[in-house]
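The following explanation leads through a structure, beginning with a single residue and widening to the interfaces around that residue. Please keep the sequence and the coordinates at hand while reading.

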Amino acid sequence: MDAVIGNGTEQDIMLEPVVLDEAIIEIVSDSGEGAQKCGQSLGAISARMGNGVWTVEIIPAEIQPPARSRAGASGIRVRIGSEKITNMGDHAQLVVALNEQVLYGRLEQKAYKPGTYLLIENKWANDPLEEIRTAYTEDVAKFREMGAAVYEIPMEEECLKVVRDARKGKNMWVLGMLCYIYDRDMNEARSQIRKIFKKKAEKIVTDNIGLLESGYNWARANMDLHFSIPSMATDEEMVVMNGNEAIALGAMAAGFDVCSMYPITPATSVSHGLAEMMESAGGKVHQAEDEIAAIGFAIGCSYAGKTALTVTSGPGIALKTEFIGLAVMAEIPLVIVDVQRGGPSTGLPTKVEQGDLLSVLYGAAGDAPKVIIAPSTIEECFQFVILARKLAESFRTPVFVLTDANLATGVQPFPRPKVSKDWFAPSIDQTPWTEGLSPYAWDPQTGLSKRPIPGQKGGMFTVTGLAHDEDSHVAYDPSINQRAAEARSRKLAALQQSLKPPKVFGAEEGDLLLVGWGSTRGAIEEAVKKARADGLSVSSLHLHFLSPMEPDLKKIMQRFQKVVTVELNYSDTVGRPLITYENRRYAQLATVLRAQTLIDIDCYSNVYGQPMSPIRIYNMVKRMFAQYQQQLKEQQS
Amino acid sequence: MIGIKADLIDLDLPEVYYSIQDYESSTARWCPGCGDHAILTAVQKLCREEQLPPEKTVFVSGIGCSSRFPHYMKTYGFHGLHGRAFPVAEGVKFRRPDLDVFVITGDGDCCSIGAGHWVHALRYNMKMVALLFDNSIYGLTKKQTSPTSPLGTSSNTHPRGSVLPPMNPIQTTLGFTNVSFVAQTADWQPAHMYETIKKAHQHPGFAFVRILQRCPIWMKDGFCADVGNRDMLALLDHEDGIEVTDEVRNSFPTIIKHDPADINNARFYAELEDQVAIGLFYQDKNAPRYDLYGTSNLDMTNDERLAGLNAHLDRFAI
């Protein structure tokens, strides 16, 4: 850092930064204090410096929870590394807390460990209310007892030297402080502030830059923490966004005309993004009166020639299920994004779960085969929506894109997509329909057929959810139903034939294979890397296609002694009351894989509502190997 | 003029003339004596009179006897889910202003399982015709009480008589925000029914028509009082209303002069106690239309779309 800022004190010269491979930083506060904007800015500055970044928001369930309440903690975690970062990581290295109460929730979630630096606003020590003063003093002492390295920081006091109202802008002071501690480029920091306040008056911009510099200078003069996280500078143009924004941009890049939705957490921000942007990229957002109408409307759009998108979460999927069955039966292309959250019922609206796989796969009445894909990174959220539209149209079927609350709010930089007009949906075919061709002329080899679109002369037919023959006439002969079901199922086999086997992460064979899907990939691969560095024979496999599944899964799994799925959904643990190997209920992917491969696949899963962390997986792997060694010993003796 | 190519003479004549047969599909499988047959005939006649290109015409329906309708039209059709015809029809129309959309629904489909969508379909006010086939009974599932069944109706779900007063769909409809066209007709009044559907089709917005019917199998007495007793039926008449010949007009003992611009009187006539009024209750040609919102950026080229997308990506660039 060049000495543009600072007052040239002794400390400036003496304190060389400690070089880190990576750091995890959290900023927690009451709702509305701007912790998230502070963390997002730190992430953006770091991404611009060429660092790998993953940020994830800590969101309370209420909009304005009471101040200084434990459950009301709002904030953000930023993980910055020298290399690409793929997940939120384990324990935080440093936490900035605008009051001590909001730390409790995070402590309960084991986000911190002894030695974590806690930087706490110290104004509460002099609060007019005695109970607040007492709580503050006692809690700070407690944190110290727990082994935290507590720094009491005069944030409010310092901010008041720059602005009149410290509540607005304290987040930018904190950003300045963090810029010093982590040796961030202050020019990037200043331009970040100009960017976020670009629609505001110049006074607001200069005030915030003043706060930023004040925080930086204060830390430089008073803090003994100073780190650097070297980066690899890249010339490649990058973008940074969360998974929901990536889906919104992907939808526009795919040339979707319509996103038809109903508000539901954590999917809604996809439509917020689209509502803001889609109009000027040629599309429209329709906010329907309910979840059912949202998909019905989308099906109407698709039927009329423009494949539509609908975005929802678990409870919405439950409501949409009848229409999904209709789209399968009538072979109407459609893309359904399911941003999964904790279930069943209203469950954990803001928390992550991979709980919808089975309901999406098997939820509809009868046999309703459909395509299900699951992105595992933010970049894939963008790409998979484009892929989904193409699959939906080529295979004349609904396509599910399963993401989750972790991808929805996780922010990661990736190379800017080179968007092209070729990605857009083709214009609606209005040429006359081939004379004599049935609307469901199922190809006996592939099950595929071409669909007539309203406006095409000579293609008139009536779509029906009733069993129907090639001409879409209601089938009174039951053999037609068997034949039609075969055709719809065969389309999945046709798609499966065109897929490549998935690549194993780590060695192609060994003792243990972890299998995952969706947002857990980064955590799984990080854990595998760590375990392999310890000499353990572990690899992992990540599935992007869940229906149909990618080929050769059985072949790959047979090269390992043991196969375990890692999932964020519920499974029974053998040894708990009444749970045996016979009655144990498995995690969702494990259930499907066991049925498909007849391999005795185990599972490791939980529903804490937290993203899967590398350390949990790593510890599970260690335990599994220890048990295995123990079993071997017992067999030998 | 059939057979003469339009460019041979200096007149703007259509090259194709659609006859009734061009709109006829398979033979309707409704019961003999069902009023649905009469409505099908009236709609096919309208298609011919208006020369609607079959490939540009879409009939969307739900589930029930009435909802089999699209199968009997040689146009595009969508026989979907019970109660869900409106959202599908709205989706069809949203980006396809060139398509002529009709919704066919019944009293169970619209007023019971689909009531939520009905409220919003009226409020969206997208240009389409909605025909409510109201025979005040569930027919296809064999005689269950419908929301419009008269109080005391004996059915398989209320064998000792239904216990709630019937819903009045006209009254209900006139209470919804942004309603723009509400009419009532009866399947035993073919001339009036045809003119009503025609007027609905010309309306620049969402045209709701309730067609009173009797079910010859399960509800033989449905509106029978009206059929048998002309005094029960009153005709709403106005120069802006449904066009009727003097002959038709004179067949009604009660004629009510009602200006369809007057929503308060419309509500009053919807709630008559000893009579049922048919005719145009309400029309507002200027109510905001959601389909105009849907199509406002349809003319964007792919280059403009790409430029828009790139501008958005710039916001996420680092």
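**From one arginine to the interfaces**

B:Arg68 is in contact (heavy atoms within 4.5 Å) with A:Leu466, A:Tyr476, B:Trp30 and B:His79, when its neighbours within four places in sequence are left aside. The model is a predicted one, in which local features need pLDDT of at least 70 and side-chain atom pairs count only at pLDDT 80 or more, while totals for chains, interfaces and linings use all residues. Residues are numbered from 1 along each chain as its sequence is written, chains are lettered from A and ligands numbered from 1 in the order in which they are written, and side-chain values use heavy atoms, with hydrogens and water left out.

The side chains of B:Arg68 and A:Tyr476 are joined by a polar contact of 3.4 Å. A polar contact is a pair of N or O atoms within 3.5 Å; within protein, one must be able to donate a hydrogen and the other to accept it, and residues adjacent in sequence count only if both atoms are side-chain atoms. B:Arg68 itself is found in the loop between strand S1 (57–61) and S2 of chain B; helices (H or I, at least four residues) and strands (E, at least two) are DSSP runs, numbered from the N terminus. Is B:Arg68 buried or exposed? B:Arg68 counts as buried because its relative accessibility is 18%, the limits being under 20% relative accessible area for buried and over 50% for exposed, with partly exposed in between (1.4 Å probe, protein chains only).

The view now widens to the two chains. In total, 53 residues of chain B are in contact with 69 residues of chain A. The two chains bury about 5300 Å² between them, with 62% of this on carbon and sulfur atoms; buried area is the accessible area (1.4 Å probe) that two parts lose on being put together, summed over both. Within chain B, the residues that lose the most area to chain A are B:Tyr76, B:Phe316 and B:Ile318, together 16% of what that side buries.

Between chain B and chain A the count is 4 salt bridges, a salt bridge being a side-chain nitrogen of Lys or Arg within 4 Å of a carboxyl oxygen of Asp or Glu. A:Lys421 forms a salt bridge with B:Asp303, with 2.6 Å between the closest N and O atoms. Across this interface of chain B and chain A, the rule also finds 37 residue pairs in polar contact, both residues being at pLDDT 80 or more. Several elements of chain B give two or more residues to the side that touches chain A, among them strand S2 (76–79) and helix H11 (302–316). H11(B) gives the most to that side, with 13 residues.

Chain A is divided into domain 1 (10–228), domain 2 (242–423), domain 3 (429–498) and domain 4 (505–636), with bounds from an automatic or database domain assignment. The centres of domain 1 of chain A and domain 2 of chain A, taken over C-alpha atoms, are separated by 35 Å. Domain 1 and domain 2 of chain A bury about 920 Å² between them, and carbon and sulfur atoms give 56% of that area. A:Trp54, A:Thr55 and A:Ile59 supply 47% of the area that domain 1 of chain A buries against domain 2 of chain A, more than any other three residues. Across the interface of these two domains of chain A the rule finds 0 salt bridges, but 2 residue pairs in polar contact, both at pLDDT 80 or more.
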